[in-house]
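Please keep the sequence and the structure open while reading.

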Amino acid sequence: MISRKPFYAVVALLFLAGLALSLYRHFTFEVPWLPGEQRQVWSIEAKVEFEATGRPVKASLAIPGTQQGFTLLNEAAASPGYGLSFLERNGGTRAEWTIRRAAGPQELYYRVEMMADPHAEAPVPLQAPVIAPHTNQEPYATAIRQVLNRALERSADGFSLTRELIRELDSQQQNAELLAQYQDKPRLLVEMLNRAGIAARVVKGLELEDGRRRQSLIDLLQVFDDDRVEIIDPETGHPGQRDNLLLWERHSSPVLDLVGGVNSRVTFSMIRQQLPVNVALEQKFEDSNLLNFSIHSLPLEEQALFKGILLIPIGVLVVVLMRILVGLKTSGTFMPVLIAMAFIQTSLATGLIGFLLIVSMGLVIRSWLSHLNLLLVARISAVIIMVIGIISLFSVLAFKLGLTEGLKITFFPMIILSWTIERMSLLWEEEGAKEVLTQGGGSLLVAVLAYLAMNNDLIRHLTFNFLGLQLVVMAAVLLLGNYTGYRLLELRRFQPLARED
Amino acid sequence: MGFWSRPKFTRPRVLSDKGIMGMNRRNIDYIGRYNPRRLYPLVDDKLQTKRIALACGVTVPDLIGTISQQHQVRHLAEMVQEWPGFCIKPAKGSGGKGITVIVRHDRTGYTKPSGAQETIDDLERHVSNILAGLYSLGGKPDVALIEALINFDDSFEGYSFEGVPDTRVIVFKGFPVMAMMRLSTDASDGKANLHQGAVGVGIDIGSGRAIRAVQFDQPVDHHPDTGRQLSELQVPDWETLLQLSASCYEMSGLGYLGTDMVLDKLRGPMLLELNARPGLAIQTANGAGLLPRLRRIEALDSQRMSVAQRVDYAREHFSIAS
Ligand SMILES: Nc1ncnc2c1ncn2[C@@H]1O[C@H](COP(=O)(O)OP(=O)(O)O)[C@@H](O)[C@H]1O
Ligand SMILES: [Mg+2]
């Protein structure tokens, strides 16, 4: 007796490899297990307006990058006549427009698509700014000391200190008013934090809300304490980065640097789109194609083709299950899979009606053909032409009656249908209508089951997105090929044997 | 549990306790293991089976002729002229498909066992279909065999309706392990294939006497057409028949084999065909499972045993009528 060990090892290997590939895709590329998941993608447009003074113009706009909570999908800038470049400057990216000569009102546009993405992280970790020494003049120095001391007493770390400072400025009216003349609140807070040895800076954020126009950036505090960083709203003291808050500028640089223009203004408008997760992810991982070995890297047309092809193993698995575990008889081993694929194109009800119509009409005409005493090849050919005739007839009829659904009947594999008709009609002559019904019914039942499996959203999603599952299906088929137990229908067939004694 | 307690199904446990073999086990553990693929053509092609049988001195029905080309079809009438009755079958057919038995013919036409008349045109068309591969596996082109009619032994009178009864013996590693007589009925149209409605009668390996009978997997006591009490059936010449079956092992090289034997009035037991994938209905007809017997032989060292020794062993151990 041959050892079965290598066989099980291969099955286990296939299974584990398939599982590992799928897990890898899930965790590295964030492909969700369930279908229908959508990602929010924000389309944000920054509009720079200014009056050009007739001299060379250089406008440099801070632009956002991938950051915690958001992944940059793509960006574009438009402005006729201007030269454009994207450059890095002290950690942040900027879009820089230049033109030799411009006069009058100017409009520059920058558009970015940001995907809300819980897994996103900034590509380079944030660097805390250096703490600058500050010397203050009276009376501000005293006011600052008073506020800071009160807050220091009631705080434990940089973040609680920030919150306490904001609260003190709210409650110590006099000092607050005085200090407001000295500096605006965010920068004042940074200065006070620096005095307490806490690194902090002012960053610019954009509150995202669907369909908003002419929005401007808001000031936010970025406070560093040890390794931790927190974004704190200088007005309310609320910590945390909300999921609709995009950090536009994160390196304390000016949002807009303009040479050769006056009266500048930057405004933002935004819309929210829901993108299916795979489209969004495809854009996200566009550059890492080598690693991201998936169907998604193919052109769209081939993808659509593959979507169908990848489902065939599922249909085949259903056939294997039905034959090995249940023991259903089908006419033509994998004919049900082909019928099921036709059902996918036509929808189930249309497909079933169409199939039954074609086959039953075919059987009637075929019974007439059998009197003609033709050779088999000629007869099958005649049946094929006849099937095409029936299909055309039904299509035209359906169209005239306004049943556009009926047109889908052309999706049926005609050669397969012709063979089915031929086999069925022989079966009828040889073994009677009953056998035709059992085998035809069995095939149709398996076809419908295969259709249900292949048309299931979850299964479509999984097979298309997790190629590794093909290996798992393979392992399952191999295992089933090794199943020596009883088939479900055998339990009925041999039931008379169990009855006696 | 509700599902299993329905009277139409039984539990897998009950079947495995009785040693009933299922289709999956047959395919994997027996056919897959004991029947080398390269030997299949010997049994899947009835012409080749005949050839090796003749070479080994096993009696087979006379071959009137073969038709392998479309243009030869016209000669059919001429070919069978001298023979009182004949049988047309596809060389690569199975399960009784494409077999037409003609019991007599005259100028008016050809008569089937049921009395139905066929014209020469019907028969020629039938032969054309066989040549085109209608009945062969995968639709491959085939050859039509024209065989002399078997005149079945008088002792089966009343047991079979309009057809030749045949005896199926499962031969495992050369041991006849289980046997069944297949009696044609009105439903099976002169052929003795069970799923076409023939009656299967389990035959005791020890004595050659009937054990019980089934039709369409359900127990029956009397032949549905002739009304004869089936339990009285006794196969004559049982020892010869078993030896003939057992010798098919050496002849074909197949470890798990179904032999179809017929008893001719004049020529005694002869081999009709061999089967590399014999069906499982024989268990229902015998009211017993194959597995215990197969396992017994698997455990046995049978390398050196002769045909006669194997038959003796089987008659001793697989007999239930003691
Ligand atoms: N020469 C013959 N004369 C009479 N009946 C025959 C003859 N050959 C076959 N039959 C009938 O047809 C049945 C099937 O024949 P067989 O050769 O076993 O073909 P299959 O492989 O299709 O079972 C037999 O059981 C027998 O009843
Ligand atoms: Mg047979």
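Axes here are lines fitted to C-alpha atoms, for helices over the stretch in contact, and angles run from 0 to 180 degrees between N-to-C directions. Helices are DSSP runs (H or I, at least four residues), numbered from the N terminus. This is a predicted model, in which local features need pLDDT of at least 70 and side-chain atom pairs count only at pLDDT 80 or more, whereas totals for chains, interfaces and linings use all residues. Residues are numbered from 1 along each chain as its sequence is written, chains are lettered from A and ligands numbered from 1 in the order in which they are written, and side-chain values use heavy atoms, with hydrogens and water left out.

**Helix 2 of chain A and its partners**

- Helix 2 of chain A and helix 4 (residues 173-182) of chain A cross at roughly 125°, and their axes come within 10 Å.
- These two helices are therefore oblique to each other, since angles under 35 degrees count as roughly parallel, over 145 as roughly antiparallel, 65 to 115 as roughly perpendicular and the rest as oblique.
- Their crossing is left-handed, a term used if the near helix is turned anticlockwise from the far one by less than a right angle, with right-handed used if clockwise.
- In this contact (heavy atoms within 4.5 Å), helix 2 of chain A contributes Tyr140(A), Ala143(A), Ile144(A), Gln146(A) and Val147(A), while helix 4 of chain A contributes residues including Leu178(A), Leu179(A) and Tyr182(A).
- Helix 2 (residues 140-153) of chain A also packs with helix 5 (residues 185-195) of chain A at an angle of about 70°, with axes 11 Å apart, and the two are therefore roughly perpendicular.
- The crossing of helix 2 with helix 5 of chain A is right-handed, and Ile144(A), Val147(A) and Leu148(A) of helix 2 meet Leu188(A), Glu191(A), Met192(A) and Arg195(A) of helix 5.

**Helix 1 and helix 14 of chain A**

- Helix 1 (residues 5-28) and helix 14 (residues 468-480) of chain A pack at about 155°, with their axes 7 Å apart, which makes them roughly antiparallel.
- Helix 1 of chain A passes helix 14 of chain A in a left-handed crossing.
- Among the residues that meet are Phe7(A), Val11(A) and Leu14(A) from helix 1 and Leu471(A), Met474(A) and Leu478(A) from helix 14.

**The interface of chains A and B**

- In this interface, 45 residues of chain B are in contact with 33 residues of chain A.
- The two chains bury about 3400 Å² between them, 57% of it on carbon and sulfur atoms, where buried area is the accessible area (1.4 Å probe) that two parts lose on being put together, summed over both.
- Asn24(B), Ile28(B) and Arg125(B) supply 17% of the area that chain B buries against chain A, more than any other three residues.
- The count between the chains is 1 salt bridge (a side-chain nitrogen of Lys or Arg within 4 Å of a carboxyl oxygen of Asp or Glu), and the side chains of Arg493(A) and Asp217(B) meet in a salt bridge at 3.3 Å, N to O.
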